[in-house]
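Hi,

As promised, I am passing a structure on to you. Please have a look at it first; my notes follow below.

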Amino acid sequence: MNTEYKRENHKSYLVIKNRRTEEDDYDLKMLGSNPIEGLLPVSFHVFNGEEELYYDISTKQPLGILYEKREMRKEDLEKLFKGMKSVVNKLEEYLLDVEGVIPEPDHIYVGGDERVYLLYYPFEKASFQQNIYEFAEYILSRVCNEDEKAVVYAYSFYRYIKEENGDLQEALSRLELDEKDRMEPADNRDTIKEHWEDVELSGEEGEQGLYLDEEALNLPGVFKEQEEQSCYKEFMGIVFFIVLGLGGMGILIYSVWKYDLAWQSLFSRMESVAGAGISIMAVMGLILFKGMEYIRNRKKAELPEKQKELLPEEVSEGFCRDFSVPVFEQPDEDEVKEDADTGKEKDFETVLLQENCYHEQRILRGRVKGRKKEIDLSTFPFIVGKNRDQVDYVLEDNSVSRIHARFTLRDDVVYLTDLNSTNGTLKNGIRLEPNEMTMLEADDEITFGRLTFTYH
């Protein structure tokens, strides 16, 4: 599927050349005559005898851009899957085949109102199943590893897609049922475990797999209830041992009073021996119980570290990111002492650079609200816009889109891409088409909305 992007009358379009066939006439007529909520609005244009489909993507961004540098949390997945489920249901109402949807990160859009929009193109049905498998893998690769609920939710989607042989509608329906179960009391824990008994989520040291403790292997959404149950059990355990100890002391005191025992003959009666034994057992039991709780809490605290093994082996190879956390080594004590003795500060030592290691500054200089601004393009890809949660540098101006433009590095050359911005991106006065990539050179003038910068 060859696509291109065009801007006309302040609107952005994704353009696909039509390959009309008689069997697809119904789909095209339905798309053209009935704007379906949740599908990208489409119009038909004819140029030089060839029909082109214009999909309106104004003020919308694809998943591939939104989550290029940000991970998906549970609430993000819920909005995505609920939006997709709503669209799929509407397709059924209009007798449109769900396989006409293109389930690719670059063709699933999210609007400024956070609504999901799917691209419907009835000429790629043969590749739908492979695309939906790859989409499920993409979701797994972008999920936030620290969000346990998101991990289970994403893996559930992947699992259902596999079990239903790529049936998107059935997989989304099963996810919806999971959410309904989550809202109901999780009384029957045997039923919950049976739901996951065939899912190989946990792994030991050296094995691939999602490491979750026993309580985490449940339906999504019961984590809070499990924590409350754990606190209740701990409280009842402490109460039990206290009551047991007091009972033993009561028996001991009663035997002393009944038989008028002296300390020397305290253990001459069975009642006094039993009372003392029960008291001692209660104290030891309480100590052991609290010790086990301490060990259990320590294991829970170590859980995020163990969750680096994210996925089962069958789904992890080839698309999972490395979730390892960078370790910053502390300086050796001998080195620190040596530096203190010599009075040298390593941070101020001059390092001799090797030849041919000079790089351009890669800096944008300009003004925002009358103040000089300098943007250091130090990491790539580098995204600018006004949405603080999704960009690397915030441009505080209402002419700038939420996600406006992206800088990428290829073969040591910086490229600029307009990300379907409302007011556009200009290079040396020439407006870029949406998603058009252009090479930057020193002293190029770049304009985002009404903000102008110079590249150095």
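This is a predicted model: local features need pLDDT of at least 70, side-chain atom pairs count only at pLDDT 80 or more; totals for chains, interfaces and linings use all residues.

Let me begin with Arg-159, which is buried at a relative accessible area of 10% (buried means under 20%, exposed over 50% and partly exposed in between, with a 1.4 Å probe and protein chains only). Its side chain meets that of Glu-163 in a salt bridge, 3.2 Å from N to O (a side-chain nitrogen of Lys or Arg within 4 Å of a carboxyl oxygen of Asp or Glu). Glu-163, by contrast, is partly exposed, with a relative accessible area of 37%.

Residues are numbered from 1 along each chain as its sequence is written, and side-chain values use heavy atoms, with hydrogens and water left out. Helices (H or I, at least four residues) and strands (E, at least two) are DSSP runs, numbered from the N terminus.

Back to H5, residues 148-163: its end C-alpha atoms are 22 Å apart, which agrees with the 22 Å that its 16 residues should span (the expected span being 1.5 Å times one less than the number of residues). Of these 16 residues, 12 are buried, including Tyr-153, Phe-157 and Ile-161. At the start of the helix, a side-chain oxygen of Asp-147 comes within 3.3 Å of the backbone nitrogen of Lys-149. Just after H5, Asn-165 has a positive phi of about 55°.

Now for the other salt bridges; the whole structure holds 23. Arg-7 pairs with Asp-418, with 3.1 Å between the closest N and O atoms. This pair links strand S1 (residues 3-8) to strand S13 (residues 413-418), 411 residues apart, and both partners are buried. Asp-412 and Arg-362 also meet, at 2.6 Å from N to O. Asp-412 sits in the loop between S12 and S13 and Arg-362 in the loop between H12 and S8, so the pair ties together parts 50 residues apart in sequence. Asp-412 is partly exposed at 44% relative accessibility, whereas Arg-362 is buried at 11%.

Two backbone details to finish. Arg-362 has a positive phi, near 55°, although it is not a glycine. The peptide bond from Phe-380 to Pro-381 is cis, with omega near -5°, and Pro-381 lies in the loop between strands S9 and S10.

Best wishes

Notes:
A polar contact is a pair of N or O atoms within 3.5 Å; within protein, one must be able to donate a hydrogen and the other to accept it, and residues adjacent in sequence count only if both atoms are side-chain atoms.
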